[in-house]
Amino acid sequence: MPLTYWCEQAWLPTGAAESVIVEVSGERIAAVTQGPPPPGARRLPGITVPGLANAHSHAFHRALRGATQTGRGDFWTWRDQMYEIAARLDPDSYLTLARAVYSEMAMAGITCVGEFHYLHHTPGGRPYADPNAMGHALVRAAREAGLRITLLDTCYLTGGIGTPLAGAQVRFGDGDAERWARRAEDLAAHYAGQPDVVAGAAIHSVRAVPPEQMPLVAEFAHRHAAPLHAHVSEQRAENAACVERYAATPVQVLHEHGALGPRSTAVHATHLTDADVELLGGSRTHVCMCPTTERDLADGIGPARTLFDKGAPITLGSDSHAVIDLFEEARAVELDERLASEKRGHWRAAELLTAATAAGHASLGFPDAGVLAEGAWADLVTVRLDSVRTAGATGAEAVVFAATAADVLSVVSSGRQIVADGHHISGNVGQMLAEAIGALR
Ligand SMILES: [Zn+2]
């Protein structure tokens, strides 16, 4: 039966509007009009925006929040702690953890997650009886939390340039890209015809995939018209090693091996040359900024505005989940540039909200999501405008520069209400997280 929502305020493709009626039929928006509340309509007070897309996630990193924020170090010392958690997960415990993490995302207004998934095999590196058991656990977790998922099955072959996998990394590897592709094909076949799941691909990084193995991963993505993501230039050390070995930057290596383009996403893109910026922008490759992770790991600040101006759509991801709040990611893109440039006003709120919504969904293989318009996926995220944070603000500016995830009052995802009155349908998500993380310690 069609459902009708009446939004006190809504952010439409033309901007913020008052008194918006959204009719939902099944998983899609049937109509968007303006007028007084029709009889029987569900009222959504505050401002309703399209569903948010979390374009870069490693669900298990959530277990590290608050545990790695002690002492000194850098990305590489953090990575050692991350590997300890990676070694402890199996399909059952990963389902429990990911379901809780995705429920936290749902409460933050996220209706689709791009899971950059490389925890493929048993800790010793042997495949599970079903070689995609971990991937299936993630899909099930997303569905139970009420999200759509793009499972970016990640090719991860080496521990560093010219270094074999070691320790916790051995469970990430398939041996070579051909064996990776066979497993990824099985996964894609399994979810064919299931519209809430996109089977995508990822090249972990130039550290983890030798260039001669990259074309097979790109070919998989082209064959399926699927998203292809890669970590790019998050660290200066990675750039230095890449230039030394291949006489090319990571962006150049990916470009030379067919991995850039409108279906691709470069994650981080922090330390770039001018030529890298031209290649990413000119190829219309998405760039996923993860500012809360980048600041947590002391990575640096990427040239988001320049990339955008050169043609690269910007998307947002909570990556390591030090924070799960895409409003915070969105405003950090602007605020980081202020700190770097000592100038204000690089981005308009509407541009940042587009990064969090339509651009993010498009980068995950859902070009028909992230917009309140007829025919789009019915994702409606309602943000309070009466909290101590948002009171007095309005429109896209209220959402991007005032709200936090705690102001999300209601979430409709693929036509189904998964958050009402600030509560997730599955119950106490804080407790779910505490139990799932406690079991891994
Ligand atoms: Zn990442």
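These questions and answers walk through one predicted model.

Residues are numbered from 1 along each chain as its sequence is written. In this predicted model, local features need pLDDT of at least 70 and side-chain atom pairs count only at pLDDT 80 or more, while totals for chains, interfaces and linings use all residues; side-chain values use heavy atoms, with hydrogens and water left out.

Visitor: Which residues are the protein donors of the zinc ion?
Guide: Donors are N, O and S atoms within 2.8 Å of the metal (3.2 Å for Na, K and Ca); water is not among the atoms, so sites may look incomplete. Here the donor atoms lie 2.1 to 2.7 Å from the zinc ion. Their spacing in sequence is H-x1-H-x172-H-x87-D. The residues are His 56, His 58, His 231 and Asp 319.

Visitor: How many residues apart in sequence are the parts tied together by His 56 and His 231?
Guide: Helices (H or I, at least four residues) and strands (E, at least two) are DSSP runs, numbered from the N terminus. His 56 sits in strand S5 and His 231 in strand S11, so the pair ties together parts whose separation in sequence is 175 residues.
The separation asked for is 175 residues.

Visitor: What is the relative accessible area of Asn 54?
Guide: Asn 54 also lies in strand S5. Contact means heavy atoms within 4.5 Å. Leaving aside neighbours within four places in sequence, Asn 54 is in contact with residues including Met 105, Leu 316 and Leu 364. Asn 54 is buried, at 0%.

Visitor: Where is the kink in H12 centred?
Guide: Helix H12 covers residues 349–363 and reaches 20 Å, close to the 21 Å expected at 1.5 Å a residue; that expected span is 1.5 Å times one less than the number of residues. The bend at a residue is the angle between axes fitted to the seven residues ending there and the seven starting there. The kink is about 45°, centred on Ala 355.

Visitor: How many of the 15 residues of H12 are buried?
Guide: Among the buried ones are Leu 352, Ala 355 and His 361. H12 is largely enclosed by the rest of the structure, because its buried residues number eleven.

Visitor: What is the phi of Arg 284?
Guide: Most residues other than glycine have a negative phi. Arg 284 is not a glycine, yet its phi is positive. Arg 284 lies in the loop between helix H8 and strand S13 and is partly exposed, at 45%. Its phi is about 60°.

Visitor: Is Ala 298 buried or exposed?
Guide: Ala 298 lies in the loop between helix H9 and helix H10. Ala 298 has a positive phi of about 55° although it is not a glycine. At 61% relative accessibility, Ala 298 counts as exposed.

Methods:
Buried < 20%, exposed > 50% of the residue type's maximum accessible area, 1.4 Å probe, protein only.
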